[in-house]
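Please read it alongside the sequence and the coordinates.

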Amino acid sequence: MIRSMVMENKFLLIRDLHVKVGDKEILRGLNLDINRGEVHVIMGPNGAGKSTLANVLMGNPKYEITKGEIVYEGKVLNDMKVDERAKLGIFMSFQYPEEIPGITVENFLRSAKMAIEDKPIKVMEFKKVLKEKMKLLEMKEEYAQRYLNEGFSGGEKKKSEILQLLILNPKLAILDETDSGLDVDAVKIVAKGVKEHKSEENSIIIITHHNNLLEYLNPDYVHFLVDGRIVKSGDISLIDIVEKEGFESFKN
Amino acid sequence: MDVDISRKTYVEDIDRGIYDIRNEFKYSYKVEKGLTEKIVREISEKKNEPEWMTEFRLKSLEIYNKLDVPVWGPNIDELDIENIVTYVKPRTDMKYSWEDVPEDIKETFTRLGIPEAEHKSLAGVGAQYDSEVVYHNLKGYLAMKGVIYTDMETAVREYEDIIRKHFMTVVPPSDHKFAALHGAVWSGGSFVYIPEGVHVDIPLQSYFRLNAPGAGQFEHTLIIVEKGAFLHFIEGCSAPKYSVNNLHAGCVELIVKEGARLRYSTIENWSKNMYNLNTKRAVVEKDGTIEWVSGSFGSKVSMLYPMSILKGERARAEFTGITFAGNGQHLDTGAKVVHTAPYTTSSINTKSISKDGGVAVYRGALVITENAHHSKSTVSCESLMLDNKSRSDTIPVMDIRNDEVDIGHEAKIGRISDEAIFYLMSRGISEEEAKAMIVRGFVEPIAKELPLEYAVEMNNLIKLELEGTIG
């Protein structure tokens, strides 16, 4: 089985992926390969399936795979539970993070870190790491004691997502529109956080409408997602095409 | 991956651990089932009561016989007073040392952590087993300051004037049928008197345990906090489960004098065969404060609406409540506040959780009289339903007879959203833990008001209740 050997060497392989939400087919035969340490950008018009791709990689039960495969480090993810994926190193930064009242950012993140690493983490040790990362993201220390995302502004929520990214240190990070709705300064801070996370071990998928974040991040590949498929892939120069022409010429 | 349906086990009867350990039913004396004049006289006689109390009981019985059961609220048709034993005297008199309490009874309270809590963090403890208080003790330094903390029977004998003056004046027997029942067959409970200006720095706690099957518990609590004094009183209740119905119709009367403050914390964790028809009421004088913290977890049916009457200017009431209704439970709880004086303030903050077909209802009333100008009140009730079989209702009644008032009301009923579960699971947290986390987060603002050991107990309970519900 040559195919499976190739697949096992790859970090993430998406093959002929078809995904439905309710009765509507959103992804229609999507293919994508990602190697370790690469940064990929997915761009495309509204409704093309960008957020669907993020959600289906993370395993949101609302999204149903009707055909195709997602293979991550040689394992087929299709039916794997969300928390199991997280434990394998997959992370999604949410476009609209949920507010969870009653649990502090610090307690939540320590619980999550312990769940993922499957070992206890000392309170003081964790506090130190958290403080460091919050400083990097220019978050006020008191945010550690606030309830998770409750009453956070749009920008604070996105910073909170990147804080989680830095603490949980996943191998595959999917950033779903992390730069949308942010002012220039906040984009810089988020970019700083993502850069901090970027390494030879960590792969990143950036889903975006804009090139705000990209100026800071030097992606390896850019893909256009239109009508549920990747219609064009290339390097960063593809962004210029979008700037000039939009996605019209790629639509059926 | 196949979903294994059999994993969706349903926990019919939750293991309530220590609460469900029942002792062999032993007693030194009990009356016949049902309610008759003979039984009422018998109880009074056994207690060797003054004649006025016997008369009071008989008068209450008369009222009981005239009143109908409430036509609103949960169905209590299955509760048949003819099948309830109203008085069960345990095989001991009241003791002032745990050493003297019979072994099996002492064991029960030890399992519930009472002697340990007394040793560590309480200023005094009363422990009632079935119909009578078996243990009562108060730290010496408080007794020196004139603090009185004793069982009601002793109080009737030793502080007869005070009791006669106040007993069932805050909650008269004519209030409703179960208040009348209480007046007729009350037994046990605590009397607390805090003299003017005395600040009791650590809490007093009374614990009520009903061990006898098919019995009723009717303890009476009367607390008087004099001018400028302070007390935190904690009340805990539990019972093991039997197949027959039990009844709890206690009565709590709180008198908060000028500038005094009373904090009254209760956790009722009755077994699911219990009808909990309890009446609690506070009268607050000028500049006084009543703070209620109330947790209702157990029982088959609860009807519990602690009332605060703000009688003096600038009197304040705060009510914080949490209700958790599981399978087979109908918990109808809430709070009432009556503002009868100017510049009085109240805030009501409740949360309820229902699951497995449980019904949690918030029923509250806010009354502001013509006289209570410049009063302020905020009411906030939130409900969380954990599945589609469960029910939650909010029935707030407001009767405002003054224009110069400031009223805020907010009610929210919700479910755990799939999106929130997905979000938490995406951070490596299991589905079960994600749900528990959301529920714990929901009750957190209330949990932090509870005495520590009860907050821990509530967390354990949430964990127990959520186990086995996820496929």
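The model is predicted. Chain A contains an open sheet of six strands with mixed pairing, and helix H6 of chain A lies across two of its strands, E6 and E9. Chain B is divided into two domains, and 18 of its residues are in contact with 21 residues of chain A.

**The six-stranded sheet of chain A**

- The strands of this open sheet follow the order E6-E9-E10-E3-E11-E12 in chain A, and their pairing is mixed.
- Strand E6 (90-93) and strand E12 (229-234) of chain A form the edges, each pairing on one side only.
- From one strand to the next, the twist averages 20°.
- Strand E9 (residues 172-176) and strand E10 (residues 203-208) of chain A run parallel and are joined by five bridges.
- Within this pair, A:Leu172 has A:Ser203 of E10(A) as its bridge partner.

**Other strand pairs of chain A**

- Strand E1 (residues 12-21) of chain A pairs with strand E4 (residues 63-72) of chain A in the antiparallel sense, over eight bridges.
- A:Val19 has A:Ile65 in E4(A) as its bridge partner.
- E4(A) is also joined by two bridges to strand E5 (residues 75-76) of chain A, and these two strands run antiparallel.
- In this second pairing, A:Val71 stands opposite A:Val76 of E5(A).
- The hairpin of E4(A) and E5(A) has two residues between the strands, and A:Glu73 takes a positive phi near 45° in this hairpin.

**Helix packing in chain A**

- Helix H6 (residues 154-168) of chain A lies across E6 and E9 of chain A and runs at about 165° to E6(A).
- H6(A) also packs with helix H4 (residues 105-117) of chain A, at an angle of about 35° and with the axes 10 Å apart.
- The crossing of H4(A) and H6(A) is right-handed.
- On the H4(A) side, the residues that meet H6(A) are A:Val105, A:Leu109, A:Ala112, A:Lys113 and A:Ile116.
- Their counterparts in H6(A) are A:Ser160, A:Gln164, A:Ile167 and A:Leu168.

**The largest nonpolar core**

- In soluble globular proteins, nonpolar side chains tend to be buried together.
- The largest nonpolar core in this model has 205 residues.
- The residues with the most contacts inside this core are A:Ile174, B:Val225, B:Val256 and B:Leu262.
- Helix H10 (residues 431-447) of chain B gives the most to the core, with eight residues.
- Domain 1 (16-419) and domain 2 (420-471) of chain B each provide at least three residues of this core.
- Leaving aside neighbours within four places in sequence, the contacts of B:Val256 include B:Val225 and B:Leu262.

**Domains of chain B**

- Chain B is divided into domain 1 (16-419) and domain 2 (420-471).
- The centres of these two domains of chain B, taken over C-alpha atoms, are separated by 27 Å.
- Between them, 21 residues of domain 1 are in contact with 19 residues of domain 2.
- On the side of domain 1 that touches domain 2, at least two residues each come from strand E13 (261-269), strand E15 (289-296), strand E18 (316-325), strand E21 (345-354) and helix H9 (418-425) of chain B.
- E18(B) supplies the largest share of that side, three residues.

**Contact between the chains**

- Contact between the chains involves 18 residues of chain B and 21 residues of chain A.
- On the side of chain B that touches chain A, H9 and H10 of chain B each supply at least two residues.
- H10(B) provides the largest share of that side, seven residues.

**Positive phi in loops**

- A:Asn169 is not a glycine, yet has a positive phi of about 45°.
- A:Asn169 is placed in the loop between H6 and E9 of chain A.
- Because 16 other C-beta atoms lie within 10 Å, A:Asn169 counts as partly exposed.
- B:Tyr343 has a positive phi of about 60° and is likewise not a glycine.
- The loop that holds B:Tyr343 lies between strand E20 (336-339) and E21 of chain B.
- With 18 other C-beta atoms within 10 Å, B:Tyr343 is partly exposed.

Note on methods
Residues numbered from 1 in each chain as written. Chains lettered and ligands numbered in written order. Predicted model: local features only at pLDDT ≥ 70, side-chain atom pairs only at ≥ 80, totals over all residues. Pairing = 2+ DSSP bridges. Helix = DSSP H or I, 4+ residues; strand = E, 2+ residues; numbered from the N terminus. Axes fitted to C-alpha atoms, helices over the stretch in contact; angles between N-to-C directions. Contact = placed C-beta atoms within 7 Å. Core = buried A, V, L, I, M, F, W, Y, C linked by C-beta atoms within 7 Å. Buried ≥ 20, exposed ≤ 12 C-beta atoms within 10 Å, placed from the backbone. Domains from an automatic or database assignment. Left-handed = near helix turned anticlockwise from the far one by under 90°.
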